[in-house]
Amino acid sequence: MNITLIRFIVVFIFIIFSNFTKGQSLKISEERKKLSSIRDKYQLIDQMNKVGILYQFKNIDSCLYYGLEAKKLSITLKYTKGELDAENLIALSLSARGLHKEALQHYTTILNGYRKIGDKENVVQILNNMALSYMDLNDNNNAEKFIQRAISLGDELERDSIMSIVYINYASMLQGLNKDSAAYYLNKTEEIANKYDSRGIILLKKQLEAYDLIQKNDVNALKLLEETISESKELDYDLITVNSIVLSGKFHHNNPKLALKYYKQAYDTAISTGGKSNLVVYLNMILETAEKLQDREEILNTQKLLSSTLMQQNENLKNFIGDYVQYNSLETDNMRLELSNNEQKVKIWGLIAFILIGILFGLYIYRQYKETSRLNKKIAEQYIGLQNTLSSLEESQEENKRLMKIVAHDLRNPLGAIKMAATIIGEQNFENPEHKTMLDLISQSSDQSLELVNNLLSSNTKIDDLKKENLDLQVILKYCVDLLQHKAVIKKQKIVLKSFSVTLHANREKLWRVISNLIANAIKFSPIGATIEVVTQKTENHITIAVNDNGIGIPEEMQSKIFQLYTEAQQFGTEGEQPYGLGLAISKQIVESHGGKIWFESKRGIGTTFWIEFPFNNFTYSS
């Protein structure tokens with residue numbers, strides 16, 4: 001006989017009720033009576049689960065019934081713990097009926113549920129139950145894996161009473177495989193059982209020890225079994241009593257007549273106590289032993305009993321499966337109804353939300369309309385005020401321009417006279433060199449003042465009104481280079497011109513001013529002996545003029561401001577030349593008025609290149 005046929009399945013009972021000492025039947029009766037007096041529905045669910053676990057080995061159908069009822073009420077109240085405990089009853093019922101795969105499906109769901117609510121003790125219990133189900137399926141690898149996971153997690157529990165059950169189950173797995181490990185876990189079982197006064201666990205330990213002695217044909221096994229039978233009857237642990245009687249028969253396997261006596265006693269005890277879950281196992285033992293004795297009458301009687309028992313168990317199994325299928329159908333219908341209700345709720349709340357959003361949006365639009373009307377009125381008033389201010393500013397600007405031109409024109413004549421007088425006098429010979437130096441300073445100051453006046457006049461001229469004509473760009477460039485050669489010679493610089501003949505429709509004086517300004521800047525900001533290049537380039541759609549120097553470069557903080565009128569982005573030349581800050585701003589205006597653009601690239605200490613680009617529609621190209 002394989003010990004797994006008997007399996008100490010009573011361990012499930014002790015998960016919750018390991019300490020009660022009253023008779024099991026009496027305990028069931030007492031706990032059932034409490035159901036009618038409980039008013040709190042959550043407590044009622046817990047009590048139904050309690051009664052269901054007590055019925056596990058008395059009446060498996062009652063175990064299933066209380067599990068189903070507790071689960072239905074738990075779902076209604078959304079009581080997660082109660083629902084999981086009820087699911088455990090259903091899984092235990094399935095396992096007891098031999099539906100181990102179905103039980104494992106339930107256990108997996110229950111395991112995840114207990115993990116979510118942080119119930120480690122029940123996680124350990126479910127891992128233990130799953131290990132036993134895998135044993136029934138002869139899947140020893142998974143059985144050992146799950147029991148070891150239960151042991152590992154059990155080490156984290158504050159209250160470790162449940163571990164006595166896990167250890168004794170693991171010891172039963174190791175029995176016959178590793179005697180030392182089995183003994184180790186049996187000792188741990190006894191230690192915890194004594195700690196919590198779990199007398200049922202101690203009886204199970206004695207059964208395992210007796211089984212080990214039976215394997216060795218040690219007569220001490222009978223004494224141990226007699227003690228177990230006596231104590232289990234006292235405590236009304238019916239299944240332990242029956243299993244101990246069966247083990248007594250197992251000890252006398254060499255004496256079939258005596259073994260038959262024990263097996264029949266086990267069967268009768270199971271019938272009288274209501275523990276009918278293993279009747280077929282006991283009848284098979286009786287039949288096997290009767291066949292050894294060749295007791296024809298016993299064989300016939302046992303076969304009849306076995307046949308009727310199997311028919312009854314099959315009928316019970318059909319009813320059980322019917323109830324389970326009906327439960328699954330009702331659960332599916334409930335889930336569909338709940339989903340439908342949830343969908344309806346979502347639609348209703350969605351409609352309410354849509355209406356509220358519509359109302360809020362309408363209020364927002366109305367408020368925005370009122371605010372917009374107020375702002376439009378205010379903007380209209382401000383616009384009228386700005387128009388008046390702008391008109392006044394334009395009149396003031398025109399007056400300022402007119403006065404500027406008058407002042408500039410009035411200044412040009414005396415400045416020109418001063419320049420001329422200084423030049424004429426400077427041609428004479430002076431005995432005192434200081435007089436010559438003073439005349440040179442007067443001449444230079446006159447030149448600078450005239451340049452400033454010319455810039456002021458250019459900045460106040462409307463570029464769009466300028467007269468334009470067809471000009472040869474190469475001639476203009478050469479004129480500018482020749483005109484400024486004397487300044488370059490003073491600083492021992494060289495101006496190199498690389499160009500070709502191109503006809504441009506432009507204002508001669510303004511174009512000359514732009515190019516002259518760029519070349520003059522290159523001279524001003526280049527060191528003594530530097531080379532300045534003026535290069536004309538032709539691209540697909542444009543003509544580009546580049547003025548390149550190897551001077552001091554433009555500081556990064558000034559680069560964004562150099563095209564502004566009256567900018568502060570000014571620096572002195574390499575020989576202390578005075579900056580005015582108007583030339584580039586005026587050049588940009590002139591270039592853009594001809595449909596072109598001006599830009600630059602500069603690196604501090606390396607040099608600067610200015611580019612002027614004009615589109616082809618302003619040019620007639622000739623080689």
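Biologist: How many salt bridges does a search of the whole structure find?

Modeller: The search finds 22 salt bridges, each being a side-chain nitrogen of Lys or Arg within 4 Å of a carboxyl oxygen of Asp or Glu. Please note that this is a predicted model, where local features need pLDDT of at least 70, side-chain atom pairs count only at pLDDT 80 or more, and totals for chains, interfaces and linings use all residues. Residues are numbered from 1 along each chain, and side-chain values use heavy atoms, without hydrogens and water.

Biologist: What makes Glu 592 and Lys 588 a salt bridge?

Modeller: Their closest N and O atoms are 2.6 Å apart, and the limit is 4 Å, so the pair qualifies. Both residues lie in helix 23 (residues 583-593), 4 residues apart; helices here are DSSP runs of H or I with at least four residues, numbered from the N terminus.

Biologist: Why is Glu 592 called partly exposed?

Modeller: Its relative accessible area is 44%. Buried means under 20% and exposed over 50% (1.4 Å probe, protein chains only), so a value in between is partly exposed. Lys 588, with 27%, is partly exposed too.

Biologist: Why is helix 13 called roughly antiparallel to helix 14?

Modeller: The axes of helix 13 (residues 220-235) and helix 14 (residues 238-251) cross at roughly 160°. Angles over 145 degrees count as roughly antiparallel, so helix 13 is roughly antiparallel to helix 14.

Technical notes. Axes are lines fitted to C-alpha atoms, for helices over the stretch in contact, and angles run from 0 to 180 degrees between N-to-C directions. Helices (H or I, at least four residues) and strands (E, at least two) are DSSP runs, numbered from the N terminus. Angles under 35 degrees count as roughly parallel, over 145 as roughly antiparallel, 65 to 115 as roughly perpendicular and the rest as oblique.
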